[in-house]
Amino acid sequence: MDVEAGTYALGPRSGRLLVLTGRAGLGAKAGHDLTIEVTRWRGEAVVTPGDPAGCRVTVEAEVASMRVREGTGGVKPLTDSDRVEIEKNMRDKVLKADQHPLVTFRSTRVEGGPEAFRVEGDLTIVGVSRPVTVDGALAEGRARGRVTVVQSQWGIRPYSAFFGALKLRDEVEVIFDVRLGEGRG
């Protein structure tokens, strides 16, 4: 394995944290599937090869730092003003950043090996904590993985427009790709 035991700092300098949304409803053709990047986030990964139980991960992501990077599908291309409006709705209406500025994850259990690992933990969104399981793998000095988050399980009502004809799917995908080569302690 090419990742050594240690404590690694995580954040935008070491990799990317993305949220992928999809559309639903009768007006789905009008909307866009979005790729949203969290631009301000920090965390720590404690890696103990050969002893998954000794591993742990924490991450804090700033809701106000979420930026729409791409919008695919839709009747017309996503404009800069669309991006601004989506980010404002996400921040103010959906995630209530003024009351809950951070989304956090704290691992409670790690199992598996470098080729395939599972991290169980508590994900806190809009002040509500729920358990999630993150699937990932270590390769070439990087940790990559994903988790599906069902917004309604956190009391979040997926964004909708046009009287509900266009809405986001309840499930969003969170993916990460981080380098574990720097910041080792």
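The model is predicted, so to speak of local features a pLDDT of at least 70 is needed, side-chain atom pairs count only at pLDDT 80 or more, and totals for chains, interfaces and linings use all residues. Residues are numbered from 1 along each chain as its sequence is written, and side-chain values use heavy atoms, with hydrogens and water left out.

## The sheet

Let us begin with the strands. Helices (H or I, at least four residues) and strands (E, at least two) are DSSP runs, numbered from the N terminus. Two strands pair if DSSP finds at least two bridges between them. In what order do the strands of the open sheet lie? The sheet has 11 strands in the order 1-5-6-8-9-10-11-14-2-4-7, with antiparallel pairing. At its edges are strand 1 (6-10) and strand 7 (66-72), each of which pairs on one side only. On average, neighbouring strands of this sheet are turned by 20 degrees against each other, direction ignored. For such angles, axes are lines fitted to C-alpha atoms, for helices over the stretch in contact, and angles run from 0 to 180 degrees between N-to-C directions.

## Charged pairs

Side chains of opposite charge can pair when their charged atoms come close. A salt bridge is a side-chain nitrogen of Lys or Arg within 4 Å of a carboxyl oxygen of Asp or Glu, and the structure holds 16 salt bridges. Three of them are listed here.

| Salt bridge | N to O distance |
|---|---|
| Asp-33 and Arg-23 | 3.1 Å |
| Arg-42 and Glu-60 | 3.3 Å |
| Asp-92 and Lys-88 | 2.8 Å |

The side chains of Asp-33 and Arg-23 meet in a salt bridge. This pair links distant parts of the chain, with Asp-33 in strand 4 (residues 33-38) and Arg-23 in strand 3 (residues 23-24), 10 residues apart. Buried means under 20% relative accessible area, exposed over 50%, and partly exposed in between (1.4 Å probe, protein chains only). Asp-33 is partly exposed at 24%, and Arg-23 is partly exposed at 22%.

Arg-42 and Glu-60 also meet through their side chains. Arg-42 is partly exposed at 38%, as is Glu-60 at 22%.

How many residues apart are Asp-92 and Lys-88 in helix 1? They are four residues apart in helix 1 (residues 80-94), which means that about one helical turn separates them. Asp-92 is partly exposed at 39%, and Lys-88 is partly exposed at 45%. Elsewhere, salt bridges that share partners join Arg-40, Arg-42, Glu-60, Glu-62 and Arg-106 into one network.

## Two residues to look at

Is Ser-65 buried or exposed? Ser-65 lies in the loop between strand 6 and strand 7 and is buried, with a relative accessible area of 0%. Its side chain reaches the backbone oxygen of Glu-62 at 2.8 Å. Contact means heavy atoms within 4.5 Å; not counting residues up to four places away in sequence, Ser-65 touches Glu-37, Val-38, Thr-39 and Arg-40.

Gly-15 is found in strand 2 (residues 15-21) and counts as buried at 12% relative accessibility. Leaving aside neighbours within four places in sequence, Gly-15 is in contact with Trp-41, Arg-142, Asp-177 and Val-178.

Key
Polar contact = N/O pair within 3.5 Å; in protein donor to acceptor, adjacent residues only side chain to side chain.
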